[in-house]
Amino acid sequence: MTLYRQNKKTTHYYSVSMYPTLFNDFLLVHHCGKNCSQKSIKEYYASKKEALFRSLHIIDEKRHLGFSIKKKQ
């Protein structure tokens, strides 16, 4: 999922993605763009439920900072 925050001159984004691995755990990758560190944060979770709860927590934090889901036009 990608969240966006519009500034006067630029658009910032924050991306959160979840992937299953070969070892039956889940990889959660999140990073921001435009004036943020380009380094991705990678976290591993034993279950899909744990990874999903963490991703929802990250999305909730970013929404409180003004990020939102871009609506289709």
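This is a predicted model: local features need pLDDT of at least 70, side-chain atom pairs count only at pLDDT 80 or more; totals for chains, interfaces and linings use all residues.
1. Start with strand β1, residues 2–6. β1 runs antiparallel to β2, and five bridges join the two. A hairpin of four residues takes the chain from β1 into β2.

2. Apart from neighbours within four places in sequence, L3 is in contact with H12, Y13, Y14, I59, K62, F67, S68 and I69. L3 also belongs to the largest nonpolar core, which has eleven residues in all. Among the others in that core are Y14, F26, Y45, I59 and F67. β2, β3 and α1 (48–64) each supply at least two residues of this core.

3. Now for D25, which sits in the loop between β2 (11–20) and β3 (26–33). Which side chain of opposite charge is nearest to D25? That would be K48, 13 Å away. D25 is buried yet has no salt bridge, and a salt bridge would need a side-chain nitrogen of Lys or Arg within 4 Å of a carboxyl oxygen.

4. So what does D25 touch? Leaving out neighbours within four places in sequence, D25 is in contact with Y19, P20, Y44, Y45 and A46. One of these, Y45, is also a member of the largest nonpolar core.

Technical notes
Residues are numbered from 1 along each chain as its sequence is written. Side-chain values use heavy atoms; hydrogens and water are left out. Buried means under 20% relative accessible area, exposed over 50%, partly exposed in between (1.4 Å probe, protein chains only). Lys and Arg count as positive and Asp and Glu as negative; His and the chain ends are not counted. Contact means heavy atoms within 4.5 Å. Two strands pair if DSSP finds at least two bridges between them. A nonpolar core is a set of buried Ala, Val, Leu, Ile, Met, Phe, Trp, Tyr and Cys residues joined through side-chain atoms within 4.5 Å.
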